[in-house]
Amino acid sequence: MSKIFVDACFGKETPYTPVWMMRQAGRYLPEYQEVRSEAGSFLNLCHDPQKACEVTLQPVRRLDVDAAILFSDILVIPNEMGMQLDFVEGEGPVFEKPIRNQEALEALRTGEDAAKRLHYVYETIELIKKELSDDKALIGFTGAPWTLVTYMIEGQGSKTYTICKKLIYTEPEFMHEILSKVTEVVKLYLEKQIQAGVDVVQIFDSWAAALEKSKYMEFSWFYIKEIASYLKSKYPHIPIIVFPKGIPAYLDEIDGEFDVFGVDWSTPMALAKHYLGDRYVLQGNMEPCRLYSKEATYECVTSIANTMRKGRHIFNLGHGILPDVPVENAQYFVNLCKEVSQR
Ligand code: CP3
């Protein structure tokens, strides 16, 4: 059976514009909270294929979105490269021993050694594929090397990225070395996700906006393009979505072998359409906080639909859904997107 979501990624005409939400499996759903508390911790949940499969399917049942996204986290990659990872309540992810010198970098597992340790992710994908209905797509994902490396070097989420930036300007070769190692793992990781059955992959570059344009191109976009080219040469039938968050002023330099450009909420859809709409399908981009209000949601969805009325579009939020959004409002968003885009 053809999947409307995959068709839309390739710019084919579809009966309506498909919709999903970044972070759609998560804390705003009471059924997620239940499985999460059974698991004991967030990482336990990521490591348990049965439970991860269950929470992947929850938003599909609740909201009837057109795609499921694999339940996992971007940080399982550095974790399996050998970095101890903890999710500290109120603080988010923490790596006890960040990578700041050659010795620490060389101690990391790389390539196939690291990629094969993520077996629980591939097992989760196989379980999901057995249960997901044929008309829905399964999205696999990774963090972009740059976004992963910000956590690996800073040791936790950062507002300033000072340690990373200092390395970029004082030891650029070191920075490229760590990015190259992470890129190798990411390529194999996504390839194994595809072999396990994902229909689409998305590369999250959540912290793109930390870098000035020329450094963004050199230290992040270059590696995203390398990953996309590698996958396209082997798996041309698998659409690739890229989501670099917060770089509206860099769109004139965006190119590469991917299919869908994820537009974040800070980038006007019309601007993205102007620079990229002919070459790529656009995904996005409602400001997630609009989900607190049905009126604000209505205003934005109709405006996006108007801008994208010729199609080549996938509805989504412009970043992840927040934990305290009423489920009913998420349902309203999904239904409205389908309704306003009926052809
Ligand atoms: O989209 C989905 O539904 C699939 C699951 C998914 C999670 N994380 C689950 C999660 C995906 C795609 C991610 C990606 C991710 N993880 C990103 C990129 C996307 C983005 O939002 O920018 C980043 C930067 C991370 C790193 C990460 N993981 C942080 C900073 C945090 C803590 C912040 C927070 O929201 O609490 C996490 C934890 C996390 N990842 C949770 C979930 C559901 C919450 C954990 C919990 O249940 O306690």
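Two strands pair if DSSP finds at least two bridges between them. In this predicted model, local features need pLDDT of at least 70, side-chain atom pairs count only at pLDDT 80 or more, and totals for chains, interfaces and linings use all residues. Residues are numbered from 1 along each chain as its sequence is written, and side-chain values use heavy atoms, leaving out hydrogens and water. Helices (H or I, at least four residues) and strands (E, at least two) are DSSP runs, numbered from the N terminus.

**The sheet**
- β8 and β9 pair in the parallel sense, over five bridges.
- Ile-314 in β9 is the bridge partner of Gln-283.
- Seven strands make an open sheet with parallel pairing, in the order β1-β4-β5-β6-β7-β8-β9.
- At the edges are β1 (67-69) and β9, each pairing on one side only.

**Helix α15**
- Helix α15 (residues 327-340) has 14 residues.
- Its buried residues (under 20% relative accessible area, 1.4 Å probe, protein chains only) include Phe-333, Leu-336 and Cys-337.
- Among the elements covering the buried residues of α15 are α2 (30-39), β8 (281-286) and β9 (313-317).

**A look at Thr-17**
- You will find Thr-17 in the loop between α1 (4-9) and α2.
- Thr-17 counts as buried because its relative accessibility is 5%.
- Thr-17 touches (heavy atoms within 4.5 Å) residues including Ile-314, Cys-337 and Arg-343, not counting residues up to four places away in sequence.
- The side chains of Thr-17 and Arg-343 make a polar contact at 3.4 Å; such a contact is a pair of N or O atoms within 3.5 Å, where within protein one must be able to donate a hydrogen and the other to accept it, and residues adjacent in sequence count only if both atoms are side-chain atoms.

Terms used:
Expected span 1.5 Å × (residues − 1). Buried < 20%, exposed > 50% of the residue type's maximum accessible area, 1.4 Å probe, protein only.
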